[in-house]
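Student: I am new to this. Please show me how to read a structure, one feature at a time.

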Amino acid sequence: MTDNKTSPTLLIHAIRKAPQYIHTIQPPLFRASTIIFQSTAHLFDRHWTDAYDYSYGTHGTPTTYTLGDQLAQLEGGKYCLLAPSGLSAINLVNSTFLSQGDEVWVPDNIYGPNMEHLRNLQQRYGIIVKVYNPIDADSFAPSAKTKLIWLEAAGSVTLEFPDLKNLVKKAQQASVLTALDNTWGAGLAFNAFDFSDEHLTIDITVHALTKYPSGGGDILMGSVITQDQTLHHQLFKMHATQGICVSGDDSAQITRSLPHMYLRYQQQAESAKVLLEWLKQQSEFTQVLHPTDPNSPGHEYWKEICIDGKSAGLVSVIFNSKYDMHAIRRFCDALTLFKLGFSWGGPMSLVMLYDLKHMRVLPNTHLQQGLLVRFCIGLESAQDLIQDIQNALKQLK
Ligand SMILES: Cc1ncc(COP(=O)(O)O)c(C=O)c1O
């Protein structure tokens, strides 16, 4: 830059290159809408399906690709696309692979907003939504119209671990795409792209990075991961043309949280198991749901797939049906450490109440009648959390 430039120009065209390259624990952060091409040759030589398409901020920067590559590696996939929330990642899969008249199968314990999105597609584009019981693979009956099956392992409210092996085998036989919401497993509990003794593989995983990868309860993001280049290109095209993108700052925050995700996941799972044992002793509950428990629906499937007994930090309880909504609300309002709020995977324990009557399509044989409360275990001491629940249970009397 020459000295004869005036101040307004110098304020914009300052020399911004650091004098030397340094190694840091965290990678440098890039924020970009515009990405400057070195020449018209670079502009015209780029190809939008390139893995690293540095042409505009919506397509990605080194900061977003660094995070995506690390997540793909963690989950055992090859390609990763980032979306502004877990729900947006789910919707990317639905809008890429479902066209008018196609059939999609979802588990009865599906993440609610995914079902709402699919119902919306059903009304507007005639997409057929069919529901299966995740612990009964026979209830999944694909037809020639079936394009996609959604899987959740485990379901995020009632925590049934699905019969993943038989559901995936059946889908593969019928050439149906498999999409797994892998938020619970977080790429740590099992390898979605190579699970079971038969080395079965999921086609697409979706992960609400909002939960464990963020770990702070303060950032929203989602990922869509595949091993297959053709599937990735289809998703990439929809991602690029819909303008789905994430900020460099949020990506850097998640990259910063990943190194301690394993420890957080493990700690929350340990505390959840301590709570599980205590909750099982309390007379107010008719069912305590956690995949590691032999009485929990889908326990046998969890056992055959999850590595070294791994599980996440969610536990749900079904209250004796003599307790009505007023009583359960008194219980939730009396908790002091468990805060009332959606989501999980952050430092603070959370609680949420559900009435399953309004959430299920199929008749339930594996769940008791009664209102359900889900505890998302944070990083507090398990004993303090038990004490909090014990105090709040007094409100039921
Ligand atoms: C299982 C599951 N999948 C996806 C999502 C959506 O993630 P987000 O909150 O980032 O949209 C959630 C959020 O609660 C979830 O529990």
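Student: Which strands does helix α9 lie across?

Tutor: Some ground rules come first. This is a predicted model, where local features need pLDDT of at least 70, side-chain atom pairs count only at pLDDT 80 or more, and totals for chains, interfaces and linings use all residues. Residues are numbered from 1 along each chain as its sequence is written, and side-chain values use heavy atoms, without hydrogens and water. Helices (H or I, at least four residues) and strands (E, at least two) are DSSP runs, numbered from the N terminus. Here, α9 spans residues 261-279 and lies across β8, β9 and β12. Its angle to β9 is about 15 degrees. Axes are lines fitted to C-alpha atoms, for helices over the stretch in contact (heavy atoms within 4.5 Å), and angles run from 0 to 180 degrees between N-to-C directions.

Student: In what order do the five strands of the open sheet run?

Tutor: Two strands pair if DSSP finds at least two bridges between them. The order here is β8-β9-β12-β11-β10, with mixed pairing. At the edges, β8 (285-289) and β10 (339-340) each pair on one side only.

Student: In which sense do β9 and β12 pair?

Tutor: Antiparallel, over five bridges. Leu314 has Cys376 in β12 as its bridge partner.

Student: Which residues come nearest to the ligand?

Tutor: A residue is near a molecule if one of its heavy atoms lies within 4 Å of it. Of the 13 residues around this ligand, Gly86, Leu87, Asp181, Thr210 and Lys211 come nearest.

Student: How far is the side chain of Asp181 from a ligand nitrogen?

Tutor: An N or O atom of that side chain is 2.6 Å away from the nitrogen. A polar side-chain atom of Thr210 is 2.5 Å from a ligand oxygen.

How values were computed
A polar contact is a pair of N or O atoms within 3.5 Å; within protein, one must be able to donate a hydrogen and the other to accept it, and residues adjacent in sequence count only if both atoms are side-chain atoms.
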